[in-house]
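Take a slow walk through this fold, one piece at a time. Keep the sequence and the 3D view side by side as you read.

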Amino acid sequence: MAGPFKLSPLPYDENALEPVISAKTIGFHYNKHHKTYVETLNKLVDGTRFADMKLEDVVRATSGKDAEKEKKIFNNAGQVWNHDFYWRSLSPKAGKPSGKLKAAIERDFGGTDALVEKLAEAGKEQFGSGWAWLVSQHGKLSIDKTSNAIDPMAKGVNCLLTVDVWEHAYYLDYQNERPKYLQAVLVKLLNWDFAAENLEKEDHPIRAAA
Ligand code: MN
């Protein structure tokens, strides 16, 4: 694939999340939707200053801009970042929160079940396409939801986990039943180790060399 931005490899096999998310859904979602965002982004940034930036910086630099070209770049860059983050937010070995993350969840939500319920509610209430998020700001955890390609990262908020609630994420497996998809994914597939790593990053940001 030409261009500065790459399709990141899936962190597991396409069938690894079955039966909650089928290999067919992951196949379309990753090889068609996610890949197309990468390809479109590469076409849009060709010959622009964005071609030399890190993906996160492209998202931040184009967030909230009015110019048509920048809106298009934002939509595609945001979706590339969001999908990279979504794949890593899921794991066939879900596990349970522990240590500092567990303590923060108990303090801010009263427990993991209550957190999951709030995240499911946010995903259900997101009208139309978008994302539900677990985020942290100064170590305090909260839930957010965003439309289309928007992510809290663009505004400098630290993201811990996300769930894609675009129809393409669940329609083949759950048809119109978004709450069923959310319930299954949130209970069985959330990658708590990834959330814990992201929580650590807020205290110890890793700034990649420019
Ligand atoms: Mn998606």
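The axes of α5 and helix α7 (residues 178–188) come within 10 Å and cross at roughly 145°. Axes here are lines fitted to C-alpha atoms, for helices over the stretch in contact, and angles run from 0 to 180 degrees between N-to-C directions. This is a predicted model, in which local features need pLDDT of at least 70, side-chain atom pairs count only at pLDDT 80 or more, and totals for chains, interfaces and linings use all residues. Residues are numbered from 1 along each chain as its sequence is written, and side-chain values use heavy atoms, with hydrogens and water left out. Helices (H or I, at least four residues) and strands (E, at least two) are DSSP runs, numbered from the N terminus.

Stay with the two helices. α5 passes α7 in a right-handed crossing. Which residues of α5 meet α7? They are V116, L119, A120, G123 and K124. On the α7 side, R178, P179, L182, Q183, L186 and V187 are in contact (heavy atoms within 4.5 Å). These contact residues divide into seven nonpolar, two polar and two charged. Ala, Val, Leu, Ile, Met, Phe, Trp, Tyr, Cys and Pro count as nonpolar, Asp, Glu, Lys and Arg as charged, and the others, Gly among them, as polar.

E121 also belongs to α5, which spans residues 112–125. Is E121 buried, partly exposed or exposed? Its relative accessibility is 34%, so E121 counts as partly exposed. Buried means under 20% relative accessible area, exposed over 50%, and partly exposed in between (1.4 Å probe, protein chains only).

Now turn to the sheet. Three strands form an open, antiparallel sheet in the order β2-β1-β3. Strands pair if DSSP finds at least two bridges between them. The edge strands are β2 (140–147) and β3 (158–164); each has a single partner, so one side of each is left without a neighbour in the sheet. From one strand to the next, the twist averages 25°. W133 stands opposite D144 in β2. S136 has N158 of β3 as its bridge partner. In β3, seven of its seven residues are buried.

Next, look at α2 (residues 55–62). L55, V58, V59 and T62 are buried there. An α-helix has 3.6 residues a turn, so residues three or four places apart point the same way. The buried residues of α2 pack against α1 (23–45) and α3 (68–89). After α2 comes G64, with a positive phi near 75°.

Finally, check the backbone. Most residues other than glycine have a negative phi, and most peptide bonds are trans. H138 is not a glycine, yet its phi is positive, about 55°. H138 lies in the loop between β1 and β2, and counts as exposed because its relative accessibility is 82%. Q175, also not a glycine, has a positive phi of about 50°. Q175 sits in the loop between α6 (171–174) and α7. A cis peptide bond joins E18 and P19, with omega about 5°. P19 is found in the segment before α1.

Key
A crossing is left-handed if the near helix is turned anticlockwise from the far one by less than a right angle, and right-handed if clockwise.
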